[in-house]
Amino acid sequence: MTDERVDDTSPVLVIGVSGAVGRHVGLQLAAAGVRVRTLPRRELRDPASLEAAVQGAGAVLLGWPFPTADGATEAVGVLAREVGRVVFLSSAVPGRPEGGIEALLTGSGVRHTVLRAHGFAAALQWAEEIRAGGTVRGYGGAAGLNPVDERDVAAVAVRALVEDGHDGARYVLTGPESPTQAEQVEIIGAAAGRPATWQEVPRETARHRLSAAGRPSAAVDGALDLVHARLTAPEPATSTVQDVTGHPARSFHAWARDHAALFR
């Protein structure tokens, strides 16, 4: 990695990245003196809107917020023609469309970096159950997963967007530890000051709940397969966050403390 930067007068376009990651990327780019432009995610699959949005952009942070890869070929084609650098926020979960989009980026020839992360410390999916009674129902409570803080994902993304030295990288982003899902629930409860426990449900029950929420079958099975694999082999930690940013990755305990109010 070098300290060379892209032209700070050119804005970074952020598309398909919402929520905490997108917000922190915007804040960190602004703090670095880089202008930020955004495109509503519904326009990501409209080649004309995308082409207009990327004009003059020095780099693009791309997420894919859709359950299928429909429209991805056209979108990647626009980016390959119009921008010099793409940072793609991918996923470590098999069965999702991000894998196909990684292949499209590689085939397009555009300079790009892939960030693969699990969970983004996204235990927010449990917030309603913890607030309602403290019991989280799910499959694989003993699975050792390694979620990464959204702020750390954003910090790596910003480095890849504004510095040289990241082209072609496939960065796997994790936190520094691999607490089980049941332990994560307990950690959140302790931070929020209220009891929180895990209640195991059969895999098929979990599959039905995820499918009922509108997730494609391949993505549901991929997520459950990942959890099943981590029952006997906890997800290993990587040093990527520190290697790229110079700062250690935040722990899940830190994430829970900083988000405790959301679970009360």
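**Ground rules.** I am working with a predicted model, where local features need pLDDT of at least 70 and side-chain atom pairs count only at pLDDT 80 or more, while totals for chains, interfaces and linings use all residues. Residues are numbered from 1 along each chain as its sequence is written, and side-chain values use heavy atoms, with hydrogens and water left out.

**Helix 3.** I started with helix 3, residues 72–82, and listed its buried residues: Ala72, Ala75, Val76, Val78 and Leu79. For me, buried is under 20% relative accessible area, exposed is over 50%, and partly exposed is in between (1.4 Å probe, protein chains only). Helices (H or I, at least four residues) and strands (E, at least two) are DSSP runs, numbered from the N terminus. Looking down the axis, I found the buried residues within an arc of 155°, so they line one face of helix 3. That arc is taken over the directions from the helix axis to the C-beta atoms. On the face turned away from the buried side I noted the exposed residues Thr73 and Arg81. Then I asked what covers the buried residues of helix 3. The cover includes helix 2 (47–54), strand 3 (59–62), strand 4 (86–89) and helix 4 (98–108), with contact meaning heavy atoms within 4.5 Å.

**The cores.** Next I turned to the nonpolar cores, each a set of buried Ala, Val, Leu, Ile, Met, Phe, Trp, Tyr and Cys residues joined through side-chain atoms within 4.5 Å. The largest has 28 residues, and Val25, Leu29, Leu61, Leu115, Leu161 and Leu173 touch the most other members. Helix 6 gives this core its largest share, 8 residues. A second, separate core has 23 residues, among them Val76, Leu79, Val86 and Phe88. Back at Leu29, I left aside neighbours within four places in sequence and found contacts with Val12, Val34, Val36, Val158, Leu161 and Val162.

**Ala157.** Is Ala157 buried or exposed? At 1% relative accessibility, Ala157 is buried, and its place is in helix 6. Not counting residues up to four places away in sequence, Ala157 touches Val25, Leu61, Val87 and Leu115.

**Ser90.** I found Ser90 in the loop between strand 4 and helix 4. Ser90 is buried too, with a relative accessible area of 4%. Beyond neighbours within four places in sequence, its contacts are Glu98, Glu102, Val114, Leu115, Arg116, Ala117 and Phe120.

I used a 1 Å grid over the protein atoms alone: a cavity is a set of points where a 1.4 Å probe fits but cannot get out, a pocket is an open set with protein on both sides within 12 Å along at least five of seven lines, and lining residues have an atom within 4 Å of a point. The second largest pocket has a volume of about 200 Å³. Of its 14 lining residues, Gln28, Ala155, Arg159, Thr245 and His247 are the closest to its centre. Helix 6 gives the most to this lining, with 5 residues. Last, I noted 1 cavity of 30 Å³ or more. I listed its lining as Ala121, Pro147, Val148, Asp149, Arg250, Ser251, Phe252 and Trp255. A volume here is the space filled by probe spheres set on the points, with grid points joined across faces, edges and corners.
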